[in-house]
Structure formats: C-alpha cells, structure tokens
Amino acid sequence: MKVQLDMFAVELGAALLIQLETDGGIVRILADAGDGRHDVNSRLPKAVSDFGGQAIHIDLMIGTHYDRDHLEGLIAIIENPAVSIGEAWLPPVANDTVLQMAGEPIPDRNLLALQFARPDGSQVLADYLDSKERVCLRLGGMERSVDRLREVKRRWSMDDDLPRPWRGREGFSAEAIEAVEGVFARHLSDAESTVESVTRARDTGRVLHGHGDDRMENPWELTERLQALGKRARGGKRRPIALDFDLEFQSWEAVPANASQLVTLAAIRKAAAKDAINAAWLNKVVTALRKKRVPIRCSTIPDGTPRRFGWDGSAKRFSPLAAGDKGPSIVLLGPSDSLVQKYAEKLPVGVYAMLFETRIPIKPITASNQLSYVMVVEHGQERILISGDAGCVDFRHGRNDPYFPDLLKELSTLNVVQVAHHAGYNSHFYRCLLDAGFPAQGSVTYLLLSHATNDEVRPTPEFSKFIENMALDRRNVSLLFTCQPQEAKVRDVKSVIAPVEGGASSSSGDVRLLFDGTSWTLRRHAVAVQ
C-alpha cells in the first residue's frame, strides 16, 4: 500500500498530486494547480510514471476555492487530451447576485459552479459580472463624492473606454478574461487609493477638497456641515445620512457620513471586484470540464460533523455510500452548510450601496478563502490534510465557543499537512491543530509550505508561534518549502526545516514524499535555508 505525494512549485499558489496504490489500481487526486504561469500540466507525466503509471487519469480533481492562483492551472490539464478525469469537486460558493431565502439552506441550483455548468452558463456569468460592475460603479461614485483628496470636477465614472467582453458573447477566451480583469482591476486599485487617502487624512487631520481655492478643511467639520445641509434639504427631518451638494452639477448625492464608512465602502467594492475576477476564472474551469463531460460536485458538511466519502472501486469515484468500504477515503471537514449560507445572506453586496446608513457594518467580505475545502485523505493508517486557503472559522459556532470536537478529532493524527493559506495570517487553522493535540502520532509529520520566493509576508509570525507552541512535539515535525523563504521569517524554526534531498539546492523546486508501506521518506526537496 504505497502513497506518493508531489507538491509542485507554483510560487504563491498551490498544486498537490496524491497517488494511492490500491488492489484495483492507482487512485489519483489532484488538488489545485497554481496559476497558468507555472505549468503543472507538463510535470504530471513524470510524476505519474515515477509511481508506475502510464496513462494520466485523475480520479478526483479538486479546486479547493475559487482564487486564480489555485484554479487557473487546472484549465490546461483539463484541456489536455492525454489526461482523463473521473470527477471534479469545485467550491460551494453561492451566487450572491440572486435572491436567497434567509435562514434556509442554500440549494445546489444557487451555487455558482453548478450554475456555470448549465447550458446557459455563459449568460449566468454575464449577468453576474453586470451585477458586480453596477455595484462597483455605484460604490465608487459614493466614495468619490465624499473623498475630496482626488478629482471631483466631474461625475465619477470608470472604465467607459474598456471593452465588456461578457456582453453579447458565448463563452470566454483567455483574452476576454484578461479584459474582465482590466475592468475590475481598476476598481481594485481605485478602492485601495480611497483607503490610502482616508488614512492620510486621518494622519494629518485635514483634507484637500479640490474646490476652486484648494482650501484645506478638517474632515470631521465637513461631515457636520454636510449633515446640516442634508437636514435642511429634508425640511428638518433627521435621518442618519449625509447629502453632498455637487457644486458643478447642482444635484444632491447620498454619501456616507464619515471616514469609517468610506473605508467600508472601498472594502466592499474591492471584494465585489475580486468576486468578478474569480468568477470569470471559475467559469473557464467549468466550461473546460463540461466540454470533457466531467461530472462536477460541490460538497459541504453539516455544522461540526465530518462527512466521509469512500472509494467505490466499481464506480471509480469517492462516494458517501462507500464510506465503510476498504480502501482510500476522504473525510470532508469544511466548509459547513451554515458558512455557505452566511456568505449568501451577507450579500448581495449592492444592498449596502442603497442603505446610506451612518453605521454600515464592517464584515469580512471575501468569501473565497473562508469557503475553501478542508479534507483529510486516508489510506490505511496514513492521513494527509488538504487545506487550500481555509479559514476554519466554521470549526466552531460562535466567537467564544469551543471548536467542534468531532472536527478536531480528525486533525490529531496527520502524516502530511498542507499549511493553509501559504502559512499566512490564519489563526483558526493553527489553533484548531493545537487544540486537537497535533501531532499525536509518534512518527514525523511533514508540513508543506507553498508561497512566493522570498515572500515579503509569509511565513507569518503566527506560523512560527504555532511551531513553538507544539512544545516537545515539534521534534516530530519537518517543514518542506517549494520556494525560498526569507531567512528572517523562518529564523526561529530553522531547526525543523528539512534538508535538501534529491538534487542540488535551488530557490524553488517540487517536493516529493513517498510512503513505501512501512514509513514515509522525503525523496525531493530543493530549498535550503542558510
């Protein structure tokens, strides 16, 4: 019963191939494939042949979540005629531009990936992008009308000269997706500049208005003045909104009344723009799978309850009906039904743009990482954790509740761990492992880290604290990198970084682990930290 695990170097992204030897042949699981720049497709044949395979058949392809740095590389693999695929699991993200029933479970028909798989999938995407663009334009206009640090001499508009390739076309080419990114990347950049300008204003206590005399005025005095104008315009009726009188166009525009709202609106606009870009790439993955007639599943778990899928040798797929069978299995730990529902009900984000309340709630907007799959691949006694960019926030009900014991139990004994979100700021992930007593087994556990070469952010201090908090158990941990980290960021954990294996040292390289039926050995690791 052998296992081969290959983690491909894709910089800030992820790509993991797991091959399992069974009595009925080799079972292969591919989780993510980085972005399109790192060509995991060309590296698959060697990984397959090294494990004794010939034809490249992927029994289960997993897109852990719908960020481009995890999904895009799958497209070339799907489109490769030499690759066959049994089934694909894609993230259960709800279409937040359609009405959802509050308090009700999200039906499959409202999940983006399954909507894109319908015959009218291109129209679904077009409607989705139109909705996101309307939200971005509306929010951008609100930001611009109150943000006097930037030009306000004309009504705010954006990207009128850029093409909208989703309008009137069937399907999406790579060039069309680049154009989609062009439209929404401008919103990302512009919203970020809003945050920067507010921060600068707060630091200086003053705001440049851009009026004819370029005079300076305290932003809080401006808020009071606008509120007074709004009160008079409504005949003295008090409402928690501000009205900004546009000097050039002689019209009233509803705007947020303070800097906190301005930052909130900018954050919402950034999230909407990212959603649009991610959806375009998800659609391209789904379109490629449809052409190849690959079945698509979006899976979730009941709150706090793991869900097991066993390998059905006759059907050649992982099925909950085969959970008790001998052979490989997948234990799904997230996302939960309630988390999918939470993000569906929090949006459509455009509702925020129509409320104009002085207290717009600041919430975590981007659903993608939170809704990432978390799962354990089991083969005999060997257990591999796949985590994508998981937030693990649904491992407990509320802010102060303990983590669900049945989920923690699945994390106590792990031979290989894909560190979530590239060893970034992900406190729940680390806390769950520590509360589970990880690593409980006596043998070495390998921790896989995938981030950019000399990443300026990762690994984070939280990751180092996680290693430190393992106390004596950290001697049973070995860290494996696909790309060179900055020495300063791993200085405190250098003693548990694995040595170079299988060739000369390099700033980046694929990682390989092999279980020979008795023990795990490191066969390939190129990154050395001096």
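A nonpolar core is a set of buried Ala, Val, Leu, Ile, Met, Phe, Trp, Tyr and Cys residues joined through side-chain atoms within 4.5 Å; buried means under 20% relative accessible area with a 1.4 Å probe, protein chains only. This is a predicted model, in which local features need pLDDT of at least 70, side-chain atom pairs count only at pLDDT 80 or more, and totals for chains, interfaces and linings use all residues. Residues are numbered from 1 along each chain, and side-chain values use heavy atoms, without hydrogens and water.

Start with the largest nonpolar core. It holds 138 residues, and Ile18, Phe184, Leu447, Phe463 and Leu479 have the most contacts inside it. Helix 7 (residues 259-291) supplies the largest share, 14 residues. Helices (H or I, at least four residues) and strands (E, at least two) are DSSP runs, numbered from the N terminus.

Take Phe184. Leaving aside residues up to four places away in sequence, its contacts include Trp166, Ala273, Ala276 and Ile277. Contact means heavy atoms within 4.5 Å.

Now turn to helix 12 (residues 461-468). Here Phe463, Ser464, Phe466 and Ile467 are buried. They lie on the same side of helix 12, because they cover an arc of only 155 degrees around the axis. The arc is taken from the directions from the helix axis to the C-beta atoms. Among the elements covering these buried residues are helix 11 (427-435), strand 17 (445-449), strand 18 (477-481) and helix 13 (487-490).

Technical notes: Buried < 20%, exposed > 50% of the residue type's maximum accessible area, 1.4 Å probe, protein only.
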